Amino acid sequence: IVGKPSSHNILSYSFVGDVFQSVSVIIASLVIWEWPEEARLVDPILTFVFAFIIFVTSIKVVIDCVSVLMEGAPQGFALKEFEEKLKQIDGVVEIHDLHIWCLGVGQNAMSAHIYTNLESTGPVLRKATALCGAHEIYHSTIQVEKTQDESHEDFINCKHNVH
């Protein structure tokens, strides 16, 4: 469900880009050294080329940062599929207030309220937490509620407009 970001790929692209730029600067330096009058424009042209390359390669990083700052859902996360798997846990009657967001790239968080028809909430909580781990959500807050009866003393009214 969630694509695990690979720091290896990020480092590889960065390393290749740095090597390309370094080699280009060395070649440009040799060209300018050998033909100073004829190659006057090599340095400014390379500066614009490198600036463009850096701009293009940094767009993905900026998009990821904005998504994290806006507490957006992880890219590629199938929320409906995950919710259906939660509903398939024995004893789960209903799920509400399900929220999944990124704390950082590759660091996902989740919160949910789950109604159960079981007497003990422990099995539902353990299975839901294990399901979160299986989907690379390691920061989870799960509130398991045993009743939807408003007259019951354990009833928690979650009906508000801050969702």
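Two strands pair if DSSP finds at least two bridges between them, and helices (H or I, at least four residues) and strands (E, at least two) are DSSP runs, numbered from the N terminus. The views below show a predicted model, in which local features need pLDDT of at least 70, side-chain atom pairs count only at pLDDT 80 or more, and totals for chains, interfaces and linings use all residues. Residues are numbered from 1 along each chain as its sequence is written, and side-chain values use heavy atoms, with hydrogens and water left out.

**View A. Strand 1 meets strand 2 in a hairpin.** Look for residues 92-104 and residues 107-116, which pair in the antiparallel sense over nine bridges. Val92 sits opposite Thr116 of strand 2. Two residues lie between the strands, and Gly106 has a positive phi near 80°.

**View B. Helix 2 bends at Ser58.** This helix covers residues 42-69, 28 residues in total, and reaches 40 Å from its first C-alpha to its last. That is close to the expected 40 Å, where the expected span is 1.5 Å times one less than the number of residues. The bend is about 35°, taken as the angle between axes fitted to the seven residues ending there and the seven starting there. Just after helix 2, Glu71 takes a positive phi of about 55°.

**View C. Helix 2 has buried residues.** Here you can find Leu46, Phe50, Asp64 and Val68, which are buried (under 20% relative accessible area; exposed is over 50%, partly exposed in between; 1.4 Å probe, protein chains only).

**View D. Val16 is exposed.** Val16 belongs to helix 1, residues 7-34. It counts as exposed because its relative accessibility is 52%.
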